[in-house]
Amino acid sequence: MSSQHDNAPSSGQALLQEGQELLARGDRTGAAQVLARARAEKDVVLQAHALIEQHGLVGSFTNMMGLECRISAHDDIFGFFARHPSSMNPLRDYFADGWRTLSELLVLLEAVDQPLLKMNHVLEFASGHGRFTRHLVKALGASRVTVSDVVADAVDFSRATFGVRGFPSASVPEDVQWPRQYDLVFVLSLFSHLPRHTWTRWLQALHGAVAPGGVLVFSTHGQKAADFDHVTLEDDGYFFAPSSESQAIDVHEYGTAFTAEPFVLAQIEKTWGLGALVHQVPVHFWNHQDAYVLRKR
């Protein structure tokens with residue numbers, strides 16, 4: 001039998017309600033102070049954040065960063081930060097992580113003399129709910145950015161929120177229909193999740209998305225990541241576990257994959273040819289994932 005106390009709102013819910021009441025009375029200063037406190041409560045963090053952003057209150061990340069800072073309630077990457085014991089401020093960590101990715105991509109493309117800001121058509125593949133997309137749009141403008149993801153809701157959110165083009169991906173690599181070819185196809189942390197039966201097929205399929213002279217940039221969990229997670233790779237340098245942060249995709253199709261450099265190079269040779277590899281950097285993204293740059297002849 002539930003007691004009256006069991007049905008009482010949490011401290012976060014009470015703060016959220018108070019903030020909404022202050023907004024209704026036109027007290028923006030009071031609402032900003034209360035909702036900032038609510039934003040620190042895990043059970044209402046996104047609701048409080050949404051109100052602060054919607055009303056442009058003091059403490060708004062949009063005002064601080066100059067980019068679109070709405071977050072989908074279905075964003076698995078934000079959920080990862082919110083649940084991670086080391087993240088004391090998941091909102092700040094989430095936005096900073098996207099900014100860091102942008103800086104790491106800029107450095108990578110400068111190394112192959114194909115600066116991001118000169119790219120006319122960019123595809124972010126396996127884009128999720130926009131953790132990185134928002135920063136890409138700030139750098140390039142929405143008209144130059146296209147997103148794609150197997151989760152339809154993620155594509156819909158990015159199109160509606162950031163104004164980018166978008167199209168659905170597919171579980172079967174050969175089923176994806178590319179609307180056009182792109183100067184840059186950026187695939188962050190997809191190959192770090194693929195099972196063996198689709199790993200090489202995705203690498204082959206993405207060849208069709210890249211314009212002649214354009215580049216594919218992708219990342220992998222390499223040897224450092226395997227060592228950090230105490231993973232023993234198979235003889236050919238591959239390992240897969242059916243587990244990931246995604247709540248929307250079957251873990252047998254999107255788990256956690258580790259691939260040593262010889263494995264990755266062998267798959268590049270099979271699909272693009274080793275001559276396409278123009279740059280690689282171990283532990284480049286997040287000081288955790290290896291980066292590969294392939295140029296389409």
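These legends describe close-up views of a predicted model.

**View 1. An open sheet of seven strands.** The strand order is β3-β2-β1-β4-β5-β9-β8, and the pairing is mixed. At the edges lie β3 (165-168) and β8 (277-285), each of which pairs on one side only. From one strand to the next, the twist averages 15 degrees.

**View 2. Strands β1 and β2 side by side.** Strand β1 covers residues 122-125 and strand β2 covers residues 145-149. The two run parallel and are joined by four bridges.

**View 3. Strand β5 and its two partners.** Strand β5 takes in residues 210-221. Of its 12 residues, 10 are buried, so the strand is largely enclosed by the rest of the structure. On the β4 side (residues 182-187), five bridges hold a parallel pairing. There, Tyr182 has Val210 of β5 as its bridge partner. With strand β9 (residues 289-295), β5 pairs in the antiparallel sense, over seven bridges. In that pairing, Thr220 stands opposite Asp290 of β9. In a regular strand, side chains alternate between the two faces of the sheet.

View 4. Helix α9 spans residues 196-207. Together with β4 and β5, helix α9 makes a β-α-β unit, and the unit is right-handed.

**View 5. Helix α6 from end to end.** Helix α6 runs over residues 90-111, 22 residues in total. At 1.5 Å a residue it should span 32 Å; the end C-alpha atoms are 32 Å apart, which agrees. The buried residues of α6 include Leu91, Tyr94, Phe95, Gly98, Thr101, Leu102, Leu105, Leu108 and Leu109. An α-helix has 3.6 residues a turn, so residues three or four places apart point the same way. Just after α6 comes Asp113, with a positive phi of about 60 degrees.

**View 6. Surroundings of Cys69.** Cys69 sits in the loop between α4 (61-65) and α5 (76-83). Its relative accessibility is 0%, so Cys69 counts as buried. Beyond its neighbours within four places in sequence, Cys69 is in contact with His49, Glu53, Phe61, Thr62, Phe95 and Arg134. Leu91 is 22 residues away from Cys69 in sequence; in space, the C-alpha atoms are 9.7 Å apart.

**View 7. The Phe191 and Phe218 ring pair.** The model holds 17 aromatic pairs. In this one, the ring centres are 4.9 Å apart and the planes meet at 50 degrees, so the pair is tilted. Phe191 lies in the loop between β4 and α9, while Phe218 lies in strand β5, so the pair ties together parts that are 27 residues apart in sequence. Phe191 counts as buried, at 0% relative accessibility. Phe218 is buried too, with a relative accessible area of 0%.

**View 8. Trp199 against Phe263.** Here the ring centres are 5.4 Å apart and the planes stand at 80 degrees, so the pair is edge-to-face. Trp199 is in helix α9 and Phe263 in helix α11 (residues 261-271), so placed that the pair links distant parts of the chain, 64 residues apart. Both residues are buried.

**View 9. The aromatic cluster.** Ring pairs link Phe191, Trp199, Phe218, Tyr238, Phe263 and Tyr292 into a cluster. Of these, Trp199 comes from helix α9, and Phe218 from strand β5.

Key
Residues numbered from 1 in each chain as written. Predicted model: local features only at pLDDT ≥ 70, side-chain atom pairs only at ≥ 80, totals over all residues. Heavy atoms only, no water. Pairing = 2+ DSSP bridges. Axes fitted to C-alpha atoms, helices over the stretch in contact; angles between N-to-C directions. Expected span 1.5 Å × (residues − 1). Buried < 20%, exposed > 50% of the residue type's maximum accessible area, 1.4 Å probe, protein only. Right-handed = clockwise from strand over helix to strand, strands pointing away. Contact = heavy atoms within 4.5 Å. Phe/Tyr/Trp six-rings, centres within 6.5 Å; stacked < 30°, edge-to-face > 60°.
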